[in-house]
Amino acid sequence: MPLARRLAILTSIAGLVVACGTTTGSAAKERGPRLVPLPASVTVNGETFTLGKDVRIAQRTSAGATAASALAKLLRRSTGFAVPIVQGQEDGAIVLEATGGQDLGPEGYRLEVTAQGVSLVADTAEGLFRGVQTLRQLLPAKVESATAQKGPWPIAGVRIEDRPRFPYRGVMLDVARHFFTVAEVKRYIDLAAAYKINTFHLHLTDDQGWRIAIKSWPLLTATGGKTAVDGDPGGFYTQADYRDIVAYAKRRFITVIPEIDTPGHTNAALASYAKLNCDGKARKPYTGTDVGFSSLCTGEDITYRFLDDVIRELAAMTPGPYINIGGDEALSTKKPDYQAFVARVQKIVHKYGKRMMGWEEIGQAAITKDSVAEHWNPDGVEHAVEAAKRGAKLVMAPANHAYLDMKYTKKTPLGQDWAAIVEVRDGYSWDPATIVKGVGEDSVLGVEAPLWTETLKTMRDLEFMAYPRLPGIAEIGWSRADGRSWSDYRVRLAAHGDRWSAQGIDFYRSPQIPWD
């Protein structure tokens with residue numbers, strides 16, 4: 001790097017250290033640390049707290065146990081320090097406290113770093129965990145390393161008060177087109193949790209594969225679980241595997257939403273059981289990527305006995321409030337049949353104490369106000385509008401902005417381009433409250449970043465397509481609309497490349513970002 005540029009960077013850093021004052025919104029780019037998502041309020045105090053080998057985490061209440069454990073694990077691994085967790089208040093420590101009464105909300109937190117130590121306060125254990133994700137970004141990038149690194153370990157002096165804009169901030173992973181192991185799913189959950197994602201939508205079934213064991217219908221995995229796109233190996237999760245994933249996500253304050261896509265996208269089920277087909281003949285396994293050709297037999301009682309069993313078993317393993325029934329691209333199901341199907345399946349979902357979620361097409365049926373519809377189709381917003389008019393909440397995942405499997409450029413070796421070419425700026429430059437005309441902020445539950453896997457086969461593929469775009473969707477869901485700007489975000493995001501490299505993420509080095 002030329003000497004002049006090095007001096008300019010050092011001068012800029014020095015300005016950050018000595019500056020004092022409150023920053024909110026886009027003003028954070030001038031004086032605040034480069035955090036993603038952007039907090040609601042940041043005050044830089046010019047002080048520094050440096051971790052030493054005797055650093056401790058003081059847990060004031062039992063509510064801090066999960067956050068304290070996560071932080072200690074991170075610091076022990078990368079610093080090599082013992083980092084004991086102690087009870088009560090201690091000087092010179094990282095103090096975590098969740099006693100309530102702070103008016104910060106279920107996920108809000110207050111983080112203060114001075115020369116004397118670190119204080120992280122929240123109303124809930126979840127709020128403390130979200131605050132820990134901010135704290136780790138105040139540390140050097142090497143804190144993300146899997147092995148012990150040399151110090152020093154400075155933390156910039158700040159006072160941050162923060163809470164999310166939307167209660168739902170999700171990622172979706174398609175494990176039906178290509179299967180991903182429990183360990184790979186857990187890694188994806190961890191990477192998302194670092195950016196305050198709180199919902200994990202798991203697309204478990206499609207034409208190409210059925211990935212969750214249903215004990216009352218064992219052929220779903222014995223037959224339907226064997227296939228994947230391009231004839232690649234299939235796979236499935238046992239119920240113990242699924243419970244393990246759910247529990248792992250819960251410890252990171254992430255809710256798992258299982259999706260069983262119906263009435264279309266069902267060839268794997270139709271290939272497993274002949275009696276689910278209207279003509280009584282089992283379909284051949286499918287390993288292509290076409291959509292819209294399959295449909296459950298919506299007029300037969302066997303279809304609803306089948307779905308009752310599937311939803312019953314899933315609901316028993318899923319502590320979260322939602323069961324997702326899919327509902328997209330049901331091109332082989334007539335509209336009246338589709339509407340009747342959704343209404344009937346909705347009753348099954350309610351029967352087992354859950355709320356129904358589905359893609360925006362469910363808005364054309366008589367869905368109840370406790371339902372959630374997910375907008376995905378930039379050319380089909382009328383169904384999202386219908387859902388909102390029925391009183392349902394919307395999750396915004398427009399394919400031309402939020403689909404992580406869209407190519408970055410025409411030359412990207414992975415992904416698709418049917419919705420759009422989605423560079424980092426395209427993924428960031430939209431707002432959930434204005435993306436669909438006729439659906440305002442009051443109807444929006446949150447945002448989601450889906451990752452479809454027709455072309456993605458490995459964890460490396462997932463990470464390359466998700467990063468650096470996933471953090472932008474997370475910020476859209478978390479940060480105030482009036483505080484976000486592309487010019488600010490691209491500078492803040494640039495600091496995260498070193499963090500991803502330390503974690504072994506092979507991310508896309510977009511030319512739109514001035515990487516450190």
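User: Before we start, what should I know about the model and its numbering?
Analyst: This is a predicted model, in which local features need pLDDT of at least 70 and side-chain atom pairs count only at pLDDT 80 or more, while totals for chains, interfaces and linings use all residues. Residues are numbered from 1 along each chain as its sequence is written, and side-chain values use heavy atoms, with hydrogens and water left out.

User: How many cavities of 30 Å³ or more are there?

Analyst: A search of the whole structure finds four. A cavity here is a set of points, on a 1 Å grid over the protein atoms alone, where a 1.4 Å probe fits but cannot get out, and lining residues have an atom within 4 Å of a point; grid points are joined across faces, edges and corners, and a volume is the space filled by probe spheres set on the points.

User: Which residues line the second largest cavity?
Analyst: The lining includes Ile 260, Thr 262, Leu 307 and Asn 324, and the cavity holds about 50 Å³ of space. Strand E13 (255–262), helix H9 (301–317) and strand E14 (322–326) are the elements that give two or more residues to this lining; helices (H or I, at least four residues) and strands (E, at least two) are DSSP runs, numbered from the N terminus.

User: What do E13 and E14 belong to?
Analyst: Both are among the eight strands that close into a barrel, in the order E9-E10-E13-E14-E15-E16-E17-E18, with parallel pairing; two strands pair if DSSP finds at least two bridges between them. Two bridges join E13 to E14, and Thr 262, which also lines the second largest cavity, has Gly 326 in E14 as its bridge partner.

User: Changing topic, where is there a cis peptide bond?
Analyst: One joins Val 36 and Pro 37, with omega about -5 degrees, and Pro 37 lies in the loop between helix H2 (28–31) and strand E2 (41–51). Another joins Tyr 467 and Pro 468, where omega is about 25 degrees. Most peptide bonds are trans.

User: And what is the phi of Val 83?
Analyst: Phi of Val 83 is near 45 degrees, a positive value in a residue other than glycine, and Val 83 sits in the loop between helix H3 (65–79) and strand E4 (85–87).

User: Is Val 83 buried or exposed?
Analyst: Val 83 counts as buried, at 0% relative accessibility, where buried means under 20% relative accessible area, exposed over 50%, and partly exposed in between (1.4 Å probe, protein chains only).

How values were computed
On a 1 Å grid over the protein atoms alone, a cavity is a set of points where a 1.4 Å probe fits but cannot get out, and a pocket is an open set with protein on both sides within 12 Å along at least five of seven lines; lining residues have an atom within 4 Å of a point.
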